[in-house]
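Try each task before you read its solution.

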Amino acid sequence: MAPQLAWVGLGNMGRGMCKNLVEKGDLTKPLIIFNRTQKRATDLNAKLPSGKSTVASSLDEAVSKADIIFTCLGDDAAIKDTIEAAINGNVKGKLFVDCSTVHPDSTNMLAKSIHGRGAEMVACPVFGAPAMADNGQLVCVLAGPASAVEKVKPYCKGVIGRANIDYSDQPQGKATLLKIIGNTFILNMVEALSEGHTLADKSGLGNDNLHQFIETMFPGPYTAYSGRLMGGDYYKRDEPLFGVDLARKDAKHALNLAEASGTKMKDVEVADSHLAAVQKHMGSKGDIAGIYGAVRQEAGLKFEN
C-alpha cells in the first residue's frame, strides 16, 4: 500500500519541493501540507493541481495521518520544537525525513529522540537555490538506516532533485555535516565574487569585463551570483533568496565545527563579518549576496551599486 506523505514547513525551499512532490512524485494520495502560518499552506494548496494536496489544521493532524513526514524548517530551534511536538503522539512505525540545514549534533539528537518513540529518521538536507527547488534540480543528501533511505529515494532524484548523495547506514548527522561544510563553499564564492567585483570597479577593469571572464570560466552558480551583484538584486529584493540570518546561522555552525575539530575557517570568518554588516544595513531582509554591499562599503563605495 502506498504511503501517505505529509510536508511541514513552507519556506522558499519547501514550497518548491512540495510542488514537485505533487507533480512528479507519483503520489496516490493527496499530499498533506502544514505550515505554522496557515496562510502559506492555503495559498500553496490553491496553486497546486486540484485534489493533489490538502491542508492540515494542526501539526498533530498532519503527523497522525501520515506515514512519511517531511520537515524543512529554518533553524535548529524550529526543527527541535517541531519534532518534539510531533512525537508527543503515537508515531510508532512512522518515518521522519528532515530537510532542514542544522548542526549535525542537532540532527543526531533528533534521530535519537525519534527512534526512542518507535519511529525512524532520515536526514535529507538539499543543495540548491529556491529556483532549483522550483525546478526539481536540487541535490539531496541522504543519511540514516539503509532500509529507511530506500523509502525516501523515490521522492528525491527525478522528483525534488537531480541527484542523490547517498550516505546509507551512516549517522544522520553526516548529511547535515556535509551540508554545513558545503554551504561554506557558497559563502566563500559570494565573498570572492564581491571582492573581485569591487576591485574590478575601483581598478578600472569594470564589472562587465570581469563578468565576461566569470561567464567563460565559471558557468553556473558563479555566473548567476555575478549577475545578481551587477544587477543590484542583492539589495532590491522584498524577500531574500538566502536570508542573511540563515547564512549567519550556517557560518556559526561551520565555525563551531572547525573549532571543535581543531581547525580554522578564515574565509568564513571574513565572510561572516560582512554578513554582520549586511544585517546591520538591511535587517532580516538582507540576502547572502548583500556581502557585495558590505565589501563595497569597506572600499569607500555606497552599499547599493
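**Ground rules**

This is a predicted model, where local features need pLDDT of at least 70, side-chain atom pairs count only at pLDDT 80 or more, and totals for chains, interfaces and linings use all residues. Residues are numbered from 1 along each chain as its sequence is written, and side-chain values use heavy atoms, with hydrogens and water left out.

**Exercise 1.** Work out which way the side chains of strand E4 point, and which strands E4 pairs with.

*Solution.* Start with the general rule: in a regular strand, side chains alternate between the two faces of the sheet. In E4 (residues 68-71), Ile-68 and Phe-70 go one way, Ile-69 and Thr-71 the other, and all are buried (under 20% relative accessible area; exposed is over 50%, partly exposed in between; 1.4 Å probe, protein chains only). Strands (E, at least two residues) and helices (H or I, at least four) are DSSP runs, numbered from the N terminus.

Next, the partners; pairing takes at least two DSSP bridges between two strands. E4 runs parallel to E1 (residues 5-8) over 4 bridges, with Leu-5 opposite Ile-68. E4 is also parallel to E5 (residues 95-98), again through 4 bridges, and Phe-70 has Val-97 as its bridge partner there.

**Exercise 2.** Find out whether Lys-179 is buried or exposed, and what Lys-179 touches.

*Solution.* First, locate Lys-179: helix H8 (residues 173-203). Then check accessibility: Lys-179 counts as buried because its relative accessibility is 6%. Finally, list contacts (heavy atoms within 4.5 Å): leaving aside neighbours within four places in sequence, Lys-179 meets Thr-101, Pro-125, Val-126 and Phe-127.
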